[in-house]
Amino acid sequence: MAYSVGHLAVYSQLPNLGSNRTSPQPSEMARYCVEASLNQLQNKSAYQLLMAATLFTEKFSAEAVSYVAGLPHIADASHSQELASLYRLSLVDKLDSNYYSLHSLTKEFIHSKLDDNTRFKQVAQQRWIDWYLKLLAPYTDDWLDWQDYSSLDPEWENVRALMNWCIETEEYVNANALLDGLQDYTLQRGFWDERQSWTNSLIEMAKAQKDNAGLAKAMFFKGQTLLHTDETDNSGEAFQTLYHAWTICPSEVATIKLGILIYLAVPCLKQNQLKEAKDWLEKSSELKGRTELSIERQQCAVDYYMGEVALRKKEYDVAENLYRRALDLAESINWKRMVTYSKGSLALVLIGRNELDEAENLMQFAVKMSRKHQDKRVIATSYHHLALLSERKGQTETFCRYVELAKHEFQKLGMTIAVSQMKQWLKDKHSS
């Protein structure tokens, strides 16, 4: 019905359904109406916009679909008129001032037209890839710090669909480039299942391509994901993945090699293998000044994890000095993530020394910053640490509230071991 009304509104007549079809089925009726509207749009830019729109998932922006269709930028008023015309025809739905969508039936009908137009489809698909590579380009350079993902958040479903398409069609170079731009975003937002699937596929493709640099990077990303999902790494899979990545990583990708070395210390720390953790951190110091990262950032990272070594030994003075050194350096270079990490870890030192008021101020800062930047794992961990603080203060009700918050966040991330720990804490508290 909507297609018929749209056709009538634009062309001042109902679509011709054919004299031999007196009572078509609803699906046939819809197809006839769409076909009638498409016949009117042949050889017009609106037709190209429609075919390009089928490459997107739930929604598409006016700028993106115009680019993929190979038309001038949507700022050209004529294309705003084209989209408005398609809206009046009920061929697109307008979601807000910039985003549109296609009804599933419309998408099905029009996608068949795209499949028939092989040349346009190939060019449009390349533009589709290029559009999202440009969108992600600003996020490829500084994957160690929090970034403003406000332009990426509404496009996540489209980017995920494109990444899956690149994996399925073995577009290795493009898949690698996309993951570079999504490296921090997928960790921060908790899209770990996708990340795990993509890195597994890229590992196999890199092996087939005999690309050791790409293989090391994909294994590094996989190791990161495993450690986020299970920080304890009880199976040892994360460590083995990272170790393999380190052994094959070429020297010319020193920044990745440094990241691997630092991450190799993490499972050692969680398993209380403190000497081994320190050894990996000392190895990472040997790369100082040889990567794209600043020397200050390299030193920050080493100081921070050396602080955790000292904290696990309950050498509180040593740990405090290392964390404060990392904090001071991070603040001097405006490294927001490391500032938050350092303050959160420094709070654990203060809890250990029973300096609870200052510890709470630092932990509340960590919660505020992690929520601002939507770093879901840090949000969960901060609630976990606030629960520790509340227990030390003897605040049973506050303790239970923070444990519930932490459990809820860990559940959303699929961190089953952490969830089990939070459940046990609540059980122990209620039974005491």
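# Close-up views of a predicted model

Figure 1. Helices (H or I, at least four residues) and strands (E, at least two) are DSSP runs, numbered from the N terminus. Of the 17 residues of H17, 15 are buried, so the helix is largely enclosed by the rest of the structure. Buried means under 20% relative accessible area, exposed over 50%, and partly exposed in between (1.4 Å probe, protein chains only). After H17 comes Asn-354, with a positive phi near 65°. In the loop between helix H16 (316-332) and H17 lies Asn-334. Asn-334 is not a glycine, yet its phi is positive, near 60°. Asn-334 is exposed, with a relative accessible area of 54%.

**Figure 2. The whole chain, shown for orientation.** This is a predicted model, in which local features need pLDDT of at least 70 and side-chain atom pairs count only at pLDDT 80 or more, while totals for chains, interfaces and linings use all residues. Residues are numbered from 1 along each chain as its sequence is written, and side-chain values use heavy atoms, with hydrogens and water left out. The chain has 21 helices and 3 strands, and 52% of its 432 residues count as buried. Its C-alpha trace spans about 90 × 55 × 40 Å along the principal axes. The mean pLDDT (the predictor's confidence in each residue, from 0 to 100) is 89, and 90% of the residues reach 70 or more. Over residues 1-9 the pLDDT is below 50, and this stretch has 28 contacts in the model beyond near neighbours in sequence. Contact means heavy atoms within 4.5 Å.

**Figure 3. The second largest pocket has a volume of about 380 Å³.** Of its 19 lining residues, the closest to the centre are Thr-140, Trp-143, Thr-255, Ile-256 and Glu-292. Helices H9 (172-189), H11 (212-229) and H13 (254-270) are the elements that give two or more residues to the lining. By class, the lining has 7 nonpolar, 4 polar and 8 charged residues. Ala, Val, Leu, Ile, Met, Phe, Trp, Tyr, Cys and Pro count as nonpolar, Asp, Glu, Lys and Arg as charged, and the others, Gly among them, as polar. On a 1 Å grid over the protein atoms alone, a pocket is an open set of points with protein on both sides within 12 Å along at least five of seven lines, and lining residues have an atom within 4 Å of a point. Grid points are joined across faces, edges and corners, and a volume is the space filled by probe spheres set on the points.

Figure 4. Gln-224 belongs to helix H11 and is buried, with a relative accessible area of 2%. Not counting residues up to four places away in sequence, Gln-224 touches Gln-183, Leu-187, Arg-195 and Tyr-263. Gln-147 sits in the loop between helix H7 (118-136) and helix H8 (156-168). Gln-147 is buried too, with a relative accessible area of 15%.

Figure 5. Gln-81 lies in H5, residues 77-88, and is exposed, with a relative accessible area of 53%. Ser-90 is in the loop between H5 and strand E2 (93-94). Ser-90 is partly exposed, with a relative accessible area of 23%.

Definitions and conventions
1 Å grid on protein atoms, 1.4 Å probe; cavity = no way out; pocket = protein on both sides within 12 Å on 5 of 7 lines; lining within 4 Å.
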